[in-house]
Amino acid sequence: MGCIHSIACKSRVKRENIVVYDVTATIDRGPTAIEENSPIVLRYKTPYFKASARVVMPPIPRNETWVVGWIQACTHMQFHNSYGDIGMSSWEIPELRDNVVRAISDSDGVSYPWYGNTTETVTLTGPMAKPSRFTVSMNDNFYPSVTWAVPVSESNAPRLTYITRDQSFTTWLVALNPATREKILLQTVKWRMRVEIAVDPNMPLGSRASLVGPPHQDQPKVLTHMEPIPPNALGKPNANDAQVLMWRPKRGTPLVVIPSK
């Protein structure tokens, strides 16, 4: 493309005009906390994953808008709740489980493709004659409820014996022009959260569950290269809407307990 208006050419937003610094990605030190105050469910709260970056964007031409922020996708999910020799309940994302897709959006379900729309993104609308400096940040953790009783049973008797969770995510810092759909990848982060909890259902409420591991999560990896974003990580459905709760008995046919939304 020839340059007719020199000013327009100078202010063209390109990867090399964007400065990213102070990229941090951490998972809080400290173990997953177990809560046993409900006779219906065990709850656990994992440490927080936190990501933050400071960005300097070049001047933005008139009639251009750029959004800079965090996009996250789930790339692996195993979430099994065992009920002794009866069977297990399992939260599953069928497309991910069956390798139909490599990743699924972990957006809040509203702000696609972004993880959220408070601290997670900054929108810049031209004309902006000077560079803009700002910080974008996000955090994420798990805080689920797992029934003490077998989810497909009429009985409320506690039968839960073990919880295993292992989930992996890729998180990208991206500058996006919503009008042209042009994406500039600025950073890629990978992280994983693992939880194992042993439960003795014969013990009284408040002393049934103990954390098997890990006591501390592995710290996230800020990659030195960019990893491309799979197309389905940018739109619907997000992980929460795509997941199903299965009951997988030791003997008999698996059942869908909670279908995807």
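A charge sits over a ring if NZ of Lys or CZ of Arg is within 6 Å of the ring centre and within 35 degrees of the ring normal. That definition applies to the first view below. The model is predicted: local features need pLDDT of at least 70, side-chain atom pairs count only at pLDDT 80 or more, and totals for chains, interfaces and linings use all residues. Residues are numbered from 1 along each chain as its sequence is written, and side-chain values use heavy atoms, with hydrogens and water left out.

**Figure 1. Charges over rings: Arg208 on Trp148 and Lys45 on Tyr143.** The charged end of arginine 208 sits over the ring of tryptophan 148, 4.6 Å from its centre. Lysine 45 places its charged end over the ring of tyrosine 143, at 4.9 Å from the ring centre.

**Figure 2. The chain as a whole.** Its secondary structure comes to 3 helices and 16 strands. Helices (H or I, at least four residues) and strands (E, at least two) are DSSP runs, numbered from the N terminus. The C-alpha trace spans about 75 × 35 × 30 Å along its principal axes. Of the 261 residues, 46% count as buried. Buried means under 20% relative accessible area, exposed over 50%, and partly exposed in between (1.4 Å probe, protein chains only).

**Figure 3. The largest pocket.** Its volume is about 400 Å³. The lining consists of 20 residues, of which Asp106, Asp140, Asn141, Phe142 and Asn240 lie nearest the pocket centre. Strands E5 (65–83), E9 (132–140) and E11 (162–177) and helix H3 (239–242) are the elements that give two or more residues to this lining. E11 gives the most, with 3 residues. By class, the lining has 9 nonpolar, 7 polar and 4 charged residues. Ala, Val, Leu, Ile, Met, Phe, Trp, Tyr, Cys and Pro count as nonpolar, Asp, Glu, Lys and Arg as charged, and the others, Gly among them, as polar. On a 1 Å grid over the protein atoms alone, a pocket is an open set of points where a 1.4 Å probe fits, with protein on both sides within 12 Å along at least five of seven lines; lining residues have an atom within 4 Å of a point. Grid points are joined across faces, edges and corners, and the volume is the space filled by probe spheres set on them.

Figure 4. The structure holds 4 aromatic pairs. Rings of Phe, Tyr and Trp (its six-membered ring) pair if their centres lie within 6.5 Å; planes under 30 degrees apart count as stacked, over 60 as edge-to-face and the rest as tilted. Phenylalanine 49 and tryptophan 191 are stacked, 4.2 Å centre to centre with 5° between the planes. This pair links distant parts of the chain: phenylalanine 49 is in strand E4 (residues 49–57) and tryptophan 191 in strand E12 (residues 182–199), 142 residues apart. Both are buried. The ring centres of phenylalanine 142 and phenylalanine 169 are 6.1 Å apart and their planes stand at 45°, so this pair is tilted. Phenylalanine 142 lies in the loop between E9 and strand E10 (145–147) and phenylalanine 169 in strand E11, so the pair ties together parts 27 residues apart in sequence. Phenylalanine 142 and phenylalanine 169 are buried too. Ring pairs link Phe49, Phe142, Phe169 and Trp191 into a cluster.

**Figure 5. A buried glutamine in a loop: Gln217.** Glutamine 217 sits between strand E13 (209–213) and strand E14 (221–222). Its relative accessible area is 5%, so it counts as buried. A polar atom of the glutamine 217 side chain lies 2.7 Å from the backbone oxygen of arginine 194.

Figure 6. Proline 113 is in the loop between strand E7 (104–105) and strand E8 (121–125). Proline 237 belongs to the loop between E14 and H3.

**Figure 7. Positive phi at Asp22 and Asn99.** Aspartate 22, not a glycine, has a phi of about 55°. This residue is in strand E1 and is partly exposed, at 42% relative accessibility. Asparagine 99, also not a glycine, has a phi of about 60°. Asparagine 99 lies in the loop between helix H2 (94–97) and E7. With a relative accessible area of 67%, asparagine 99 is exposed.

Notes. A polar contact is a pair of N or O atoms within 3.5 Å; within protein, one must be able to donate a hydrogen and the other to accept it, and residues adjacent in sequence count only if both atoms are side-chain atoms.
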